[in-house]
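Subject: Structure for you to look at

Dear colleague,

Here is the structure I said I would pass on. My notes on it follow below.

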Amino acid sequence: MASSFRLIERTGPNPGATFEGAQDVTTMGRDVTNEVVLGDSEVSRQHARITQTPGGFVLEDLGSTNGTFINGERLVAPRILSAGDLVGLGENVTLTFEMASTEGAATVMAPAAGRPATAAPPSPPRQAQKPPTPPPPAPAEPARPAAPTPAAADAGWAAPEEESGGPRRWILAGCGCLVLILACGGAFYFMDAYYPDMLYAPLRMLGF
């Protein structure tokens with residue numbers, strides 16, 4: 001299976017940046033013509049390169065001014081990289097070397113220096129969760145009889161109708177008679193005071 005690698009920038013101008021390498025030769029440096037461009041003053045224009053060989057990926061310094069390091073040790077000759085190695089370019093830039101498969105396999109995480117990588121134990125299969133049992137339905141309450149409305153309560157009883165007329169009619173009749181008497185008395189008083197001839201002329205004609 002063909003292999004590739006990636007470099008994750010830990011310290012430098014862009015911490016967290018990831019550089020994928022799948023070609024046979026990958027160069028690193030400050031110049032934009034490199035596959036891995038690192039814009040730091042401590043990094044040379046053509047600083048180092050990684051070459052894929054049958055024995056693995058080999059890191060080589062290209063005569064840089066500030067040197068190339070593996071796990072803090074300055075590189076004096078080409079050296080095969082291992083997953084988890086910390087590659088340093090000058091004093092400011094460090095990158096973590098990780099192996100990856102070009103066919104989409106999961107990335108091999110970097111083990112600590114000097115420790116063999118161990119495969120993670122497979123996760124136990126998850127058991128299908130049973131749907132929760134719904135609670136039993138609450139017993140239905142007995143229907144309560146509806147309270148009788150005032151109209152319904154009074155439907156069977158009706159107030160006796162008042163007799164037509166009654167005391168009210170007699171009061172009105174008495175008031176009418178009183179008004180008539182007062183009107184007649186006023187008219188008589190007015191005629192007697194101002195027009196006595198007209199008032200008593202009919203009586204004289206009748207011989208009174």
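Two rings of Phe, Tyr or Trp (for Trp, its six-membered ring) are called an aromatic pair here if their centres lie within 6.5 Å. By that rule the structure holds three aromatic pairs. Ring pairs join Phe5, Phe57 and Phe97 into a cluster.

Please keep in mind that this is a predicted model. Mean pLDDT for the protein is 76, with 60% of the residues at 70 or more. Two stretches call for caution. Residues 104-120 have pLDDT under 50, and the model gives them 14 contacts beyond four places in sequence. Residues 155-163 are also below 50 in pLDDT, and beyond near neighbours in sequence this stretch has zero contacts in the model.

Overall layout

The protein has three helices and 11 strands. Of the 208 residues in the protein, 23% are buried. Among contacts with a separation of 6 or more, 36% are between residues 24 or more positions apart.

The five-stranded sheet

Five strands form an open sheet with mixed pairing, in the order β4-β3-β5-β6-β9. Its edge strands are β4 and β9 (79-80), each of which pairs on one side only.

Strand β3, residues 25-29, is mostly covered, with four of its five residues buried. On one side β3 runs parallel to β4 (residues 36-37), joined by two bridges; here Met28 stands opposite Val36. β3 is also joined to β5 (residues 48-53), this time antiparallel and through four bridges. In that pairing Thr27 faces Arg49 of β5.

β5 in turn pairs with β6 in the antiparallel sense, over six bridges. Thr53 stands opposite Gly56 of β6.

Salt bridges

How many salt bridges does the structure hold? There are four, and I describe three of them here.

Arg45 and Asp31 meet through their side chains at 2.5 Å, N to O. This pair links distant parts of the chain: Arg45 sits in the loop between β4 and β5, Asp31 in the loop between β3 and β4, and the two are 14 residues apart. Asp31 is buried, because its relative accessible area is 14% and the cut-off for buried is under 20%.

Glu60 and Arg49 form another salt bridge, at 3.1 Å, N to O. Glu60 belongs to strand β6 (residues 56-61) and Arg49 to strand β5, so the pair ties together parts that are 11 residues apart in sequence. Both partners are partly exposed: Glu60 has a relative accessible area of 25%, and Arg49 has 31%. Arg49 is also the residue that stands opposite Thr27.

In a further salt bridge, the side chains of Arg79 and Glu73 come together at 3.5 Å, N to O. Arg79 is partly exposed, with a relative accessible area of 34%. Glu73 counts as partly exposed as well, at 48% relative accessibility.

In soluble globular proteins, nonpolar side chains tend to be buried together. The largest nonpolar core in this model has 19 residues, and the members that touch the most others are Leu7, Met28, Leu38, Ile50, Leu59 and Leu89. The elements giving two or more residues to this core are β1 (3-11), β5, β6, β10 (86-89) and β11 (93-101). β11 gives the largest share, three residues.

Which residues does Leu59 contact, leaving aside its neighbours within four places in sequence? Met28 and Ile50 are among them, as are Ala48 and Arg49.

Regards

How values were computed. Residues are numbered from 1 along each chain as its sequence is written. This is a predicted model: local features need pLDDT of at least 70, side-chain atom pairs count only at pLDDT 80 or more; totals for chains, interfaces and linings use all residues. Side-chain values use heavy atoms; hydrogens and water are left out. Buried means under 20% relative accessible area, exposed over 50%, partly exposed in between (1.4 Å probe, protein chains only). Two strands pair if DSSP finds at least two bridges between them. pLDDT is the predictor's confidence in each residue, from 0 to 100. Contact means heavy atoms within 4.5 Å. Rings of Phe, Tyr and Trp (its six-membered ring) pair if their centres lie within 6.5 Å; planes under 30 degrees apart count as stacked, over 60 as edge-to-face and the rest as tilted. A nonpolar core is a set of buried Ala, Val, Leu, Ile, Met, Phe, Trp, Tyr and Cys residues joined through side-chain atoms within 4.5 Å.
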